[in-house]
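Subject: Structure handover

Hello,

Please find the structure below. My notes on it follow.

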Number of protein chains: 2
Amino acid sequence: MAGKKIKKLRRKVAKLKAKLSAINGMHSDAQISPLAPPGGFPDLPAITGVRFAALNSGVRYKGRDDVMLAELNAGSVIAGVFTKSSTRAAPVLDCQEKLGAPASGGAAILVNAGNANAFTGSHGQASVNALTGEVARVLNIDPVRVFSSSTGVIGEPLAHDLIVSKIEELHRTLDAEGACKAANAILTTDTFPKGACATIAGDGGTMQIAGFAKGSGMIAPDMATMLVYIFTDAKISQSLLQELVSATSDSTFNCITVDSDTSTSDTVLVAATGQSAAKEISELASPAGNAFADALHGVMRDLAHQVVRDGEGATKFVEINVTGAKSDQDARCIAMSVANSPLVKTAIAGEDPNWGRIVMAVGKSGAVADRDKLSIRFGDTAVAENGWVASSYLEEAGAQYMKRQDIEIGLDLGIGTGKSVAWTCDFTKRYIEINADYRS
Amino acid sequence: MAGKKIKKLRRKVAKLKAKLSAINGMHSDAQISPLAPPGGFPDLPAITGVRFAALNSGVRYKGRDDVMLAELNAGSVIAGVFTKSSTRAAPVLDCQEKLGAPASGGAAILVNAGNANAFTGSHGQASVNALTGEVARVLNIDPVRVFSSSTGVIGEPLAHDLIVSKIEELHRTLDAEGACKAANAILTTDTFPKGACATIAGDGGTMQIAGFAKGSGMIAPDMATMLVYIFTDAKISQSLLQELVSATSDSTFNCITVDSDTSTSDTVLVAATGQSAAKEISELASPAGNAFADALHGVMRDLAHQVVRDGEGATKFVEINVTGAKSDQDARCIAMSVANSPLVKTAIAGEDPNWGRIVMAVGKSGAVADRDKLSIRFGDTAVAENGWVASSYLEEAGAQYMKRQDIEIGLDLGIGTGKSVAWTCDFTKRYIEINADYRS
């Protein structure tokens, strides 16, 4: 009898313990986002003219790489877009200045994670000078050709000496196959490294593009975004590359948001080494120019999506397609208003087909909208039309759709031809945990 | 031996059960906000010329009042401000039209909670007509003098017949002392009713102001806000009252935000019955005009603060004071950027003095800022100055300050004389729970 009771109580203890452990599990830190690409980090092709190295500097993290160096051959051109934040970090200001400088000789990109070197007064530029100066000395290139980024905590001085002392070791370990190691070294709250690549048939040979990104929180790019490094062996002028990168950022990175907060360190750098056998791309309106632009767009959109898929606490990937707006600008404004609405994002987290909140977000956007011409769909399911719920809509169909991991919300304004897209994730308790419980 | 084991296991079960119950307790619904005014709902004075009634209509809630009627004597004037949402609800559009109509005879305000009658197509206006028509018939007044509001779920048709059938009972139970009952009838996710009042010494007698509000989520007023009803016996023209209410909304309700989401139903109505013995206020630039404006400002700010103090999931009340900006508009833009930043609000929830995130929010605001002239303080503690951490600042002092329930963040831009204030709350897991787990 007593034996039976003991067994019963033991089962009860086991059950209660499992419940507690499940609850605690939700707070654990080491999980990879459920939205991460199933195949893991892609097998990036080596880009002729580019070598990578990464190691641990001890600035903040233990037991993982936190600095990466990319070395570029002589003649490489570099294009970039950056955060518009008025409190942007010292390395961002430094990169912006250097992009305009006349380019000759080799080049390099140095990135550290764990400290953003942002809002660090005059110390900030001194750190940038020390770091880029040492890279220039060791690689024997012009300091104006050394670009740098820092990501992590804002407002703490960067212990740049720790990194300066490692530049020679970085130089010694440069490796054409080192992109994956480099992609891992720049992560902060990210749960997986983000990479993408493309091969283009050029005129006289193929061209390759390989890139990687970091970003998970403080994601609401404004003409630029998080940290992104893309490399290609294409032959292309700096001005043409810059034109392409600016336009393509606008339709990729600038269409994503995780939390409406814009980083002080957002940087996209695209470097072209010109080592491909293919002829130079001398205009974008050419078969090779188009093919290269399409491929670059694909790589940038892929990386942008991966940043959203690693959104802090994300469990759903959401695409918002706006059509029929008065202008493209109005369409973007509406798409972003929906994508940034805490009430829409929490409803999606709760798998609640609460389309009334989408109506609210359209209304607050400031864009022109006629309530009685607005229609909404979830995937192929018509939800609302002509200012009210669609006659064919069943709440159960909406609820079923919301259980999906990838969700598409369509909004037609019915008043024009303007269109835009936004990509975002849901808003969960885990986001609050990550940002309330730890200093990022 | 077996007995001991059973006892031990029983203790273990009890302990584990207590842990689970504590975790479940955090999800319970019935808690009053920890930021609620300690004295509870104030003892509002009766306003001569105003009577209230409230009851349950059965539209959505059980066991609580969900409709209130306010009856106003002949000659009352009514001023209002409303949401600028382009998807605003039918009752809002109806109120806006009626405000401009010539006023004579008695007036009334009818409010229901549980259904917002928003995005309900032509059914929306039909409901408003049915409701205001029945009030006009029963009270024997012009329908153009009957104002109405609805708050609750968006996109579901309002079962207005349930309310229409109760108008006679509302009329029979009108009571000059009924403001508290009316204030309770308009709540939705609110955890406490919000009231405020003032007495002004006028010329020839005193004037009284009494008002109440609802609001907890979907709070980011844009030239108007949630639902607010204020009553006074002052003698004042509609045009003068409207001028005052519009200006005062701008420095009270328009300075608050809970979640950056703007409601489709935001409405502020201020009714003046003219029954005070005090002389008419014929211009604002007079002793009585100033006193009345000050008192009205106090009542509106008090109600605005109470809405923030009932912010969904709030555990901290936060005031953001911006000074030294290029213009007042820039200052407001910065104050709201900080007040709406999920990263700032989650840091406050976590009692983390993470001032780097405040720098980020200034940077993304779009307002003019010089990083190296920016200074930040928590209460009286200097945190950052001249673009970096203040030399006197100790992280422990910041951490200690963040433990307070009421927090003041000061931001000086150091470049002009523009100033503004914003009031907000922190951003907790409870907000996500409220909005992910339940349809609001």
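Within what distance do the axes of helix α7 and helix α8 of chain A come, and at roughly what angle do they cross? This is a predicted model, so the answer, like everything else here, is computed from predicted coordinates. The axes of α7 (residues 238-250) and α8 (residues 287-309) of chain A come within 10 Å, and the crossing angle is roughly 45°. An angle counts as roughly parallel under 35 degrees and as roughly perpendicular from 65 to 115; α7(A) and α8(A) are therefore oblique to each other. Their crossing is right-handed. On the α7(A) side the residues that meet α8(A) are A:Leu244, A:Thr248 and A:Ser249, and their partners in α8(A) are A:Ala293, A:Leu296, A:His297 and A:Met300. By class, that contact has 4 nonpolar residues, 3 polar ones and no charged ones.

The crossing of α7(B) past α8(B) is right-handed. B:Leu244, B:Thr248 and B:Ser249 of α7(B) make the contact with B:Ala293, B:Leu296, B:His297 and B:Met300 of α8(B). Its residues divide into 4 nonpolar, 3 polar and no charged.

On domains: the assignment for chain A gives domain 1 as 50-309 and domain 2 as 317-437. The centres of domain 1 and domain 2 of chain A, taken over C-alpha atoms, are 33 Å apart. The contact between them takes 11 residues from each of these two domains of chain A. On the side of domain 1 that touches domain 2 in chain A, 5 residues are nonpolar, 5 are polar and 1 is charged.

How are the two chains related? Chain B superposes on chain A, with an RMSD of 0.5 Å, by a rotation of 180° with 0.2 Å of shift along its axis. The two copies are thus related as by a two-fold rotation axis. In chain B, the C-alpha nearest that axis belongs to B:Ile6, at 1.4 Å from it.

The interface takes 61 residues from chain A and 61 residues from chain B. On the chain B side, α1 (2-25), α10 (342-349), α11 (355-364), β13 (388-389) and α13 (429-437) each supply at least two residues. The largest share, 12 residues, comes from α1(B). By class, the side of chain B that touches chain A has 25 nonpolar, 20 polar and 16 charged residues. Of the interface residues of chain B, 100% are also interface residues in chain A, so the copies meet through the same surface.

Regards

Key:
Residues are numbered from 1 along each chain as its sequence is written. Chains are lettered from A and ligands numbered from 1 in the order in which they are written. This is a predicted model: local features need pLDDT of at least 70, side-chain atom pairs count only at pLDDT 80 or more; totals for chains, interfaces and linings use all residues. Copies are superposed by least squares on the C-alpha atoms of residues with pLDDT of at least 70 in both. Two residues are in contact if their C-beta atoms, placed from the backbone, lie within 7 Å. Helices (H or I, at least four residues) and strands (E, at least two) are DSSP runs, numbered from the N terminus. Ala, Val, Leu, Ile, Met, Phe, Trp, Tyr, Cys and Pro count as nonpolar, Asp, Glu, Lys and Arg as charged, and the others, Gly among them, as polar. A crossing is left-handed if the near helix is turned anticlockwise from the far one by less than a right angle, and right-handed if clockwise. Domain bounds come from an automatic or database domain assignment. Axes are lines fitted to C-alpha atoms, for helices over the stretch in contact, and angles run from 0 to 180 degrees between N-to-C directions. Angles under 35 degrees count as roughly parallel, over 145 as roughly antiparallel, 65 to 115 as roughly perpendicular and the rest as oblique.
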